[in-house]
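Please look through the structure shown here.

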Amino acid sequence: MNNTQNVNIKLRIGKSRGFEALVTLVAFIVTLPLIAIIVYIFKQGITKVNWSFLTHIPAPVGETGGGIANALLGSILIVIIASVIAVPVGIACGIYLSENKTSRLSYWSRLAVDVLQGVPSIVIGIVIYFWLVKPQYKWDWNFFGHILHIEFGGFSAFSGSIALAIMMLPILVRSTEETLKMIPPSLKEAGLALGMPYNKVILRVIVPCGISGILSGVMLAIARVAGETAPLLFTAFGNPYLSTNVIKPMESLPHLIFNYATSPYDEWHDIAWGASLILLVTVLLLNIITKITTRRWKVQL
């Protein structure tokens with residue numbers, strides 16, 4: 001090997017190491033804003049969080065103390081209802097797309113999912129407002145001789161859950177579809193060869209094999225909508241009191257943070273920082289659990 005070849009090899013190695021160092025530096029720079037946000041929120045909110053903060057409702061204007069119990073409970077209820085609505089639909093749609101890859105309906109369904117994923121959350125909130133909040137729906141049911149009068153409309157936690165459920169669907173559909181595509185076709189063929197009905201092969205063989213990836217998609221979807229504020233401004237609206245009635249207005253952590261952070265009162269600013277810390281920690285934990293799950297089961301999302 002002559003000197004010219006040695007120089008070329010050293011030059012290529014130097015370029016490779018330099019590019020690797022550049023990529024590492026850029027990756028570190030990208031994480032700096034996240035680190036700065038996390039550190040700042042922890043610094044501002046850690047002194048505000050205590051047991052009383054988590055178990056009491058906000059105090060009236062001018063009084064010290066108060067907490068976020070109403071918003072904490074409201075966020076949990078809204079997200080749970082949204083998950084109950086979106087998870088079965090999203091998983092079922094993902095199963096269909098993974099089993100029917102070339103049909104016309106699959107093509108348009110994937111297109112709809114991709115478009116829905118790009119729709120701004122505030123637009124979804126406005127649509128749900130005109131669908132469920134603004135109209136007043138009334139039903140009279142004859143239940144064993146008793147007339148049941150049911151009214152639905154106006155701001156409610158259920159309307160907020162519908163908006164969040166729509167936002168969860170693209171993540172659930174895509175994660176389920178991509179996870180089930182990774183399962184070897186031989187598993188389905190073996191089940192069918194043993195005489196199992198097609199629906200039992202899917203529900204008892206294919207889905208259990210991809211359950212880790214499906215659950216990871218569920219956690220990602222929940223983490224995605226847990227901090228959404230815009231849809232709840234037009235739907236759940238907010239409630240200063242502790243409420244479990246899902247067909248009435250209900251407070252949530254993102255909505256509380258928005259209202260209190262833009263208020264002129266220092267006491268409300270403190271509550272907003274504490275609520276921001278709680279919400280940030282919740283989202284971080286959900287994302288960390290998802291990453292651990294996907295790494296443990298080697299699922300690519």
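Ala71 is part of helix H3; helices here (H or I, at least four residues) and strands (E, at least two) are DSSP runs, numbered from the N terminus. This is a predicted model, in which local features need pLDDT of at least 70 and side-chain atom pairs count only at pLDDT 80 or more, while totals for chains, interfaces and linings use all residues. Residues are numbered from 1 along each chain as its sequence is written, and side-chain values use heavy atoms, with hydrogens and water left out.

With a relative accessibility of 0%, Ala71 counts as buried. Buried means under 20% relative accessible area, exposed means over 50%, and partly exposed lies in between (1.4 Å probe, protein chains only). Setting aside residues up to four places away in sequence, Ala71 touches Glu251, Ser252, Leu253 and Leu256; contact means heavy atoms within 4.5 Å. Ala71 and Gly238 are 167 residues apart along the chain, and their C-alpha atoms are separated by 8.3 Å.

Leu73 also has its place in helix H3. Its relative accessibility is 26%, so Leu73 counts as partly exposed. Apart from neighbours within four places in sequence, Leu73 is in contact with Leu242, Ser243 and Thr244. Between Leu73 and Ser243 there are 170 residues of separation in sequence and 8.2 Å in space, C-alpha to C-alpha.

Ile214 belongs to helix H9. At 3% relative accessibility, Ile214 is counted as buried. The residues that Ile214 touches, not counting those up to four places away in sequence, are Ile91, Thr176, Thr179, Leu180 and Val207. Ile214 and Ile9 are 205 residues apart in sequence, and in space they are 47 Å apart, C-alpha to C-alpha.

| Pair | Separation in sequence | C-alpha distance |
|---|---|---|
| Ala71 and Gly238 | 167 residues | 8.3 Å |
| Leu73 and Ser243 | 170 residues | 8.2 Å |
| Ile214 and Ile9 | 205 residues | 47 Å |

How many of the 16 residues of H9 are buried? The number is 12, so H9 is largely enclosed by the rest of the structure. Among these buried residues are Ser212, Gly213, Ile214, Val218 and Met219. Helix H9 covers residues 211-226, and at 1.5 Å a residue it should span 22 Å; its end C-alpha atoms are 22 Å apart, which agrees. The expected span is 1.5 Å times one less than the number of residues in the helix.

Two pairs of packed helices come next. Two packed helices are described by the angle between their axes and the distance between the axes. Axes are lines fitted to C-alpha atoms, for helices over the stretch in contact, and angles run from 0 to 180 degrees between N-to-C directions.

Helix H3 (residues 69-99) packs with helix H6 (residues 157-181) at an angle of about 35°, and their axes are 6 Å apart. The crossing of H3 and H6 is right-handed. A crossing is right-handed if the near helix is turned clockwise from the far one by less than a right angle, and left-handed if anticlockwise. The contact of H3 with H6 has 22 nonpolar, 7 polar and 1 charged residues. Ala, Val, Leu, Ile, Met, Phe, Trp, Tyr, Cys and Pro count as nonpolar, Asp, Glu, Lys and Arg as charged, and the others, Gly among them, as polar.

Helix H7 (residues 185-193) and helix H8 (residues 198-209) have axes 10 Å apart and pack at about 145°. H7, too, passes H8 in a right-handed crossing. On the H7 side, the contact is made by Leu187, Lys188, Gly191 and Leu192, and H8 supplies Tyr198, Val201, Ile202, Val205, Ile206 and Cys209. By class, these residues divide into 8 nonpolar, 1 polar and 1 charged.

For the protein as a whole, there are 12 helices and 2 strands. The radius of gyration, taken over C-alpha atoms, is 25 Å, well over the 19 Å that the globule rule gives for 301 residues, so the protein is more spread out than a compact globule. The globule rule is 2.2 Å times the number of residues to the power 0.38. Along its principal axes, the C-alpha trace spans about 90 × 60 × 30 Å. Buried residues make up 38% of the 301 residues.
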